[in-house]
Amino acid sequence: MSTKKKSRFWIITKNTVLFIMATVFIWIVFHLALTAHEQEKYPPLGQLVKVDGRHMHIYTKGDGKHTMVLLSGLGTAAPALDFEPLINELAINNKVVVVELFGYGWSSLTNKERTVENIVEELRTALHQASIEVPYILMPHSISGIYSMYYANKYPEEVKAVIGIDPTLPQALQYFGESAPTMPQYMGYISLTGVSRLATYINPKNYLPIAEEGTYSEDNLTMTRAISAWKGYNKNVIDEINEIKNNVDKTAPLKFPRALPVLFFTTKEDRVNQDGKSKTAFYQTQLTKSSASKIIALEGHHYLHWTRSKEMSQQVQEFTDALTDE
């Protein structure tokens, strides 16, 4: 290659790189500016309480004898919005509380490790700061089952019952012979750099509940898309994923207290593995001695509350009525 051609090649390469860098910079500035605008346009639905000097969002609705504390699954960007159909059903007869942990919804990010100890202490502090009176009925979805197991053992006097929504429990990995997932730390820059926002533009349905039209309002879906752009796969979520193994190792020796009533909602699509093990069979090993404890299988997605909130609420009412009778 001649000197002239080499010079032209490097000029084109340099200009291409500079163009890409400028485009990325402009996109990040646009993303941050739009995020600031959206955060002003969509203020928190509930109250912000101070936990470790940062803000944690708590949304409450309804009143009643029982206080249900809903805890979201891993990576659910906007829990207070995601749980809306179930909140509306449960709030008819109960006080319903959604705690958005750090890194979720309208809550701040934190620099503290996402250990089960830290998460439970932050949750407990937030409930106290919001003047939510004990005891609670914890309602964990998915990964929050691990946090509920720890909470019920560490502070048994504060937990009246546990109602799991297809919950992940500490002994599940060993039972099914599975390993905990991990994710590269650089994935924590997805939300900061606006990659998450780009993803919501390219395939918005991936970030919205799979539910019948009208289940979620347009305002809800608009806010869900916006918060997914702010919070999708932020550093706290990535840290939480990479902490799963440690959190499981710490809580695997635990079981729910023998007298604690537990209800597990799970999906009917209960596949049996090659060893003859299934989720329903696993949940059977986690039931307590309470006469109210049981497992209910429903048709639906892992996010059962997207489509089965009415049935779930009816079953919850029967379960809580049984608590009164015990």
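Predicted model: local features only at pLDDT ≥ 70, side-chain atom pairs only at ≥ 80, totals over all residues.

Me: How are helix 4 and helix 5 oriented to each other?
Reply: Helix 4 covers residues 116-129 and helix 5 covers residues 144-154, and the two pack with their axes 10 Å apart at an angle of about 70°. Angles from 65 to 115 degrees count as roughly perpendicular. Helix 4 and helix 5 are therefore roughly perpendicular to each other.

Me: How many nonpolar residues does the contact of helix 4 with helix 5 have?
Reply: On the side of helix 4 the residues that meet helix 5 include Val116, Ile119 and Leu123, while helix 5 contributes Ile146, Tyr147, Tyr150, Tyr151 and Lys154. Sorted by class, this contact of helix 4 with helix 5 has four charged residues and no polar ones, and its nonpolar residues number nine.

Me: Which residue forms a salt bridge with Arg124, and is that partner, at 8% relative accessible area, buried or exposed?
Reply: Arg124 lies in helix 4 and its partner in the loop between helix 5 and strand 6, so the pair ties together parts that are 34 residues apart in sequence. The N to O distance in this salt bridge of Arg124 with Glu158 is 2.7 Å.

Me: How many residues apart in sequence are Glu89 and Lys310?
Reply: The closest N and O atoms of Glu89 and Lys310 are 2.9 Å apart, and the two form a salt bridge. Glu89 belongs to helix 3 and Lys310 to helix 12, so the pair ties together parts whose separation in sequence is 221 residues.

Me: Where does Lys279 lie, the residue whose side chain meets that of Asp166 in a salt bridge?
Reply: The salt bridge between Asp166 and Lys279 has an N to O distance of 2.8 Å. Asp166 is buried, with a relative accessible area of 3%, whereas Lys279 is partly exposed at 25%. The pair links distant parts of the chain, 113 residues apart, with Asp166 in the loop between strand 6 and helix 6 and Lys279 in helix 11.

Me: Which residues does Thr224 touch, leaving out those up to four places away in sequence?
Reply: Thr224 lies in helix 8, which runs over residues 218-231. Its relative accessibility is 9%, so Thr224 counts as buried. Not counting residues up to four places away in sequence, Thr224 touches Leu81, Tyr207 and Leu208.

Methods. Residues numbered from 1 in each chain as written. Heavy atoms only, no water. Axes fitted to C-alpha atoms, helices over the stretch in contact; angles between N-to-C directions. Helix = DSSP H or I, 4+ residues; strand = E, 2+ residues; numbered from the N terminus. Parallel < 35°, antiparallel > 145°, perpendicular 65-115°, else oblique. Contact = heavy atoms within 4.5 Å. Nonpolar A, V, L, I, M, F, W, Y, C, P; charged D, E, K, R; others polar. Buried < 20%, exposed > 50% of the residue type's maximum accessible area, 1.4 Å probe, protein only. Salt bridge = Lys/Arg side-chain N within 4 Å of Asp/Glu carboxyl O.
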